[in-house]
Amino acid sequence: MCCKIPTKLKSQPALGFPDKNWRFVFDHPLKTMNLRSTTRSFSLPGLRITSPDGRQFLSLETAFASVPHACIPDAISLVTRFLSQVGSLRYVSFTGHFLVDKKFCVDFTSSSGRSITLYGAIVGCMRSGEMKKNEENHVFIIQYNNDVLEIARSMGIEARAIQIFSAEFAWGSVIAFERKTNCNRKAIVKIDQSTPCETWIVPDIRIDEVVLQTDGTKVPQLTIVARGYKFLLRAKLVAGRYGVFITCTQLQEMSLDSDSEEEIYFKPGELVDIGVFSPRRDDDTMPLASFILKNYIHSFKCGRWAFLRDEDCGADDITDKNAELHSEACTQIYPYIRKCELEDFPLIHARLDPSGKVHYLLGIPYRGCWEEFESAMHSFAPLFSGAELETTVANGFNFTNRRHAEKSTMGIIKTFQVEDIIACIKHLNEMFAENSEVQEWSQDIIFRSYKVVRRLKERAVEMADLMKTLRPGGERTDINMSGANDLADALNDLRRLEEQLQKKKDSIS
């Protein structure tokens with residue numbers, strides 16, 4: 001579908017969803033490429049699903065979780081029918097998988113640092129291709145226990161009852177349940193080196209501090225204790241840039257006793273949850289188009305810390321109006337962790353918890369390949385011998401350089417829809433209002449704002465022309481009068497902003 005066509009013209013009913021008013025489109029994939037995102041079970045770049053009440057989702061997983069499924073077969077049918085509709089890999093129900101009907105638990109840390117455990121059961125399985133048996137080709141449908149969800153809600157944790165798990169998280173969660181309850185360890189006995197597995201380890205102790213440096217600056221520091229080890233993560237200034245360095249101290253002598261050994265050693269796939277990266281505050285989430293605008297105006301500065309938010313079609317942005325880390329983010333260790341070089345193995349990994357928050361986890365993932373795991377462990381093992389290591393997180397960006405990002409962003413704006421243009425105008429009005437928090441913007445920001453306003457105006461004119469000429473089903477009436485009226489108002493606002501910014505440019509020059 002052409003990305004320039006208005007959404008109302010190109011959107012289609014989403015097959016498998018319970019209401020015909022669930023609709024989907026594919027936006028230009030570049031629209032989300034200047035943000036990092038967590039891994040997904042289904043790779044569908046550019047997908048945007050809209051619910052009957054107007055909520056928007058950027059992945060099948062988040063849209064699926066928001067649907068009140070009548071039964072598990074209906075939930076499986078939703079996935080298989082929709083994937084077939086969009087031409088993705090063919091998934092089929094696989095009720096005979098070992099994990100179906102197994103109980104599981106998920107441990108994670110809340111934003112306030114509390115340890116949370118959710119219990120549930122694996123209720124369904126799907127695999128791509130009827131004959132493929134590799135675990136990486138499977139995805140699982142899980143259902144959380146309702147009583148546990150009620151308790152979690154009382155603690156401020158909102159998690160959907162039915163969700164989709166990847167194969168590694170499904171195996172890891174079932175194994176975590178067997179270890180926690182010390183019940184019949186069928187899954188533990190079943191796994192071998194080809195089984196992908198991921199289990200989150202919640203620290204027994206965590207201490208967040210802001211430490212005064214010798215030069216008078218204050219930087220965050222995090223101390224966590226897990227599995228008999230104390231990990232100390234400290235922000236340091238090296239060669240003019242901050243990075244986070246980690247040391248490890250063994251808190252007790254190794255014992256030949258097998259029970260003690262189990263409490264100390266980390267097993268393949270076990271990752272230590274060091275906490276919530278984002279969102280930290282209620283206002284950390286903003287519309288995707290607004291963030292693209294803000295990131296461009298501020299020379300891609302805030303994009304270093306942002307994550308794509310699949311739910312509500314937005315971005316988690318932990319910066320203030322000036323694109324600097326806001327006060328709460330400055331006290332956390334996570335934003336100081338640098339991106340990993342392509343040839344290195346990162347020690348930090350971004351994942352979503354059951355409530356949709358982005359977490360950072362420490363360790364080496366296990367994807368079912370022992371050779372890959374052993375190779376990555378060579379970079380992690382020195383930590384346990386007293387070495388200090390820099391922690392890095394997977395890069396996740398698709399732009400290769402600044403010039404590429406500049407050019408691509410201008411192209412992205414050419415695909416904006418009416419609602420995107422309106423969101424950008426709101427952001428610009430807040431920036432340049434008389435009572436704005438920032439009264440004097442730099443020359444560069446004014447020039448970049450002027451450039452983006454002109455591009456938005458070009459797109460709005462193009463959209464207005466499309467609405468006059470394109471008709472649904474051959475009808476000769478305007479496709480959407482309210483949309484046309486919104487565009488007319490947007491064009492007036494953009495002309496006013498263009499004039500306002502032109503005066504600021506003239507006063508500078």
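This is a predicted model: local features need pLDDT of at least 70, side-chain atom pairs count only at pLDDT 80 or more; totals for chains, interfaces and linings use all residues.

I began with the rings: ring pairs join Phe17, Trp22, Phe24, Phe26, Phe57 and Phe82 into a cluster. I count rings of Phe, Tyr and Trp (its six-membered ring) as a pair if their centres lie within 6.5 Å; planes under 30 degrees apart are stacked, over 60 edge-to-face, and the rest tilted.

Residues are numbered from 1 along each chain as its sequence is written, and side-chain values use heavy atoms, with hydrogens and water left out.

How many aromatic pairs does the structure hold? I found 30 aromatic pairs. I looked up Tyr144 and Phe165: their ring centres are 6.5 Å apart and their planes at 70°, so the pair is edge-to-face. This pair links distant parts of the chain, with Tyr144 in strand 8 (residues 138-144) and Phe165 in strand 9 (residues 162-166), 21 residues apart. Strands (E, at least two residues) and helices (H or I, at least four) are DSSP runs, numbered from the N terminus.

Are Tyr144 and Phe165 buried or exposed? Tyr144 is buried, at 2% relative accessible area, and Phe165 is buried too, at 4%. Buried means under 20% relative accessible area, exposed over 50%, and partly exposed in between (1.4 Å probe, protein chains only).

Phe277 lies in strand 15 (residues 270-278) and Phe307 in strand 17 (residues 307-309), 30 residues apart, so to speak a link between distant parts of the chain. Both Phe277 and Phe307 are buried.

Then I checked charges over rings. The charged end of Arg127 sits over the ring of Phe94, 3.9 Å from its centre, and that of Lys505 sits over the ring of Phe447, 5.0 Å from its centre. The test is NZ of Lys or CZ of Arg within 6 Å of the ring centre and within 35 degrees of the ring normal.

Last, I stepped back to the whole chain. I noted 14 helices and 22 strands, and 50% of the 509 residues count as buried.
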